[in-house]
Every structure is written in structure tokens, then in C-alpha cells.
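I am opening a notebook on a structure that is new to me. I start with the chain itself and then look up a few places in turn.

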Amino acid sequence: MQTTFDFSTLYAHPLISSEQIKVITEKHRKVSFKKGDFILQKGEVSKSYFALQSGIARSFVHDYEGNDITTGFFCEQEFVINELSLFKQEPSLENIVALTDCIAWEISFEDFQQLYHSIAGFSEWGRLFMTEKLFQTQQRSLEMITLPAKDRYLQFLKDKPQVIQSVPLKYIASYLGITDTSLSRIRKEVF
């Protein structure tokens with residue numbers, strides 16, 4: 001299969017050879033999502049994950065009062081994945097929606113499992129990927145408690161600059177745990 005997407009950076013690991021990257025690449029298929037398309041809906045069991053070539057997606061939940069709360073953003077050269085649903089094969093508690101038109105490369109859970117058990121470097125890459133996700137989740141939890149809103153916003157600017165330009169501020173505010181009004185005030189202070 002001929003692709004225009006370089007998987008070698010996403011699956012970078014010293015134990016994965018360029019020949020193995022080709023095998024991994026062949027397990028992905030190109031898909032596209034229009035702005036507003038659901039990539040995963042609450043209650044569905046995730047059957048695959050995606051390497052995002054272009055576009056931005058958002059994960060979100062509704063809190064106990066029905067408010068829409070952003071739990072994450074997915075940008076180019078990142079994986080669009082709901083780890084809990086995919087790896088536990090349980091219904092998702094989150095929704096994932098395309099915020100812009102997206103081009104992505106999908107790999108099924110079955111193909112992932114086959115690669116995981118047949119390429120030693122791929123299983124090591126997977127372990128490191130999940131470790132990094134755990135660290136990111138813990139760091140985000142601590143920052144929500146220990147950092148003031150302005151510092152959380154500045155960190156977000158550093159981590160996801162492309163989101164600021166393309167995404168409604170209400171999604172960013174809910175991700176940061178603040179109101180739209182507070183975010184507007186912070187943005188005026190920063191700029």
C-alpha cells in the first residue's frame with residue numbers, strides 16, 4: 001500500500017526497523033472525517049485507533065449536570081485513541097468528534113494485537129506509549145489542582161498551539177476547567 005504519511009516518527013523506537021515500519025504501515029488504512037463527524041460515540045466499543053495526518057479532534061463527556069466538558073484534543077501527528085475502550089473492549093465513556101475536516105490512518109484492534117505479538121519492538125513501543133499517556137494524565141490531574149488558570153492556559157499554548165487558532169474558546173475553557181469569561185480575561189492579560 002502506498003501512503004503519503006510517515007509512520008516512522010509516530011512509531012519511533014530503536015527496536016523497530018525500517019522494514020518493520022513498512023509492515024506496521026501496511027496495517028493502516030486511510031480514512032477521512034468531516035467537521036462534526038463522530039469518530040467514537042459514548043457507549044460504543046472502540047474497535048480501532050487512528051494516526052492523525054491532518055485536522056483536529058476533541059474528546060468530551062457530559063458532566064452530571066449535562067455540561068459539555070472537553071477531556072482532550074488530538075492534533076496532527078498524534079493518535080486519536082480512547083485507551084480504556086480499546087484495550088479493555090468496553091463501551092466508551094467519552095465521545096470523540098472531528099473539530100475540523102480530518103485525514104487519518106486507521107488500524108484495527110485485531111491488527112494492533114497481531115503486530116504487538118509479532119514485532120518485539122512494537123510491544124516495547126506500546127509499553128512506552130502507555131507509560132507516557134499515564135504520566136500525561138497524572139501531570140494534567142496535578143496541574144488542574146496546583147496551577148492557576150493562567151499558568152494552565154500558558155502550558156496549553158505551549159503544548160497545543162494549533163488548537164488555539166482552530167477551536168472555539170468554549171472547548172478550550174472547559175478543558176482548562178474555567179469559564180469562557182475567565183479564559184477571555186486571561187487571553188487579554190497574555191496578549
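Helices (H or I, at least four residues) and strands (E, at least two) are DSSP runs, numbered from the N terminus.

I note that this is a predicted model, where local features need pLDDT of at least 70, side-chain atom pairs count only at pLDDT 80 or more, and totals for chains, interfaces and linings use all residues. Residues are numbered from 1 along each chain as its sequence is written, and side-chain values use heavy atoms, with hydrogens and water left out.

**Entry: helix H3**

I looked at H3, residues 109–118, and found Phe109, Phe112 and Leu115 buried. Down the axis of H3, these buried residues fall within an arc of 125°, so they line one face. The arc is taken from the directions from the helix axis to the C-beta atoms. An α-helix has 3.6 residues a turn, so residues three or four places apart point the same way. Glu110 and His117 are exposed on the face of H3 turned away from its buried side. I then checked what covers the buried residues of H3: the cover includes helix H1 (18–26), strand E3 (48–54), H2, strand E8 (102–108) and H4.

**Entry: helix H5**

Which residues of H5 are buried? In this helix, residues 149–159, they are Arg152, Tyr153, Phe156 and Leu157. They line one face of H5, because they fall within an arc of 140° seen down its axis. Their packing partners are strand E5 (68–74) and helices H4 (120–146), H6 (161–166), H7 (169–176) and H8 (180–190). Contact here means heavy atoms within 4.5 Å.

**Entry: Ser85**

I found Ser85 in helix H2, residues 83–88. Ser85 is buried, at 2% relative accessibility. A polar atom of its side chain lies 2.6 Å from the backbone oxygen of Glu90. Leaving out residues up to four places away in sequence, Ser85 touches Glu44, Val45, Ser46, Glu90, Pro91 and Ser92.

**Entry: cysteines**

A disulfide is a pair of cysteine sulfur atoms within 2.5 Å. By this rule I count zero disulfides. Cys75 is buried, with a relative accessible area of 0%. Cys102 is also buried, at 2%.

Key: Buried < 20%, exposed > 50% of the residue type's maximum accessible area, 1.4 Å probe, protein only. Polar contact = N/O pair within 3.5 Å; in protein donor to acceptor, adjacent residues only side chain to side chain.
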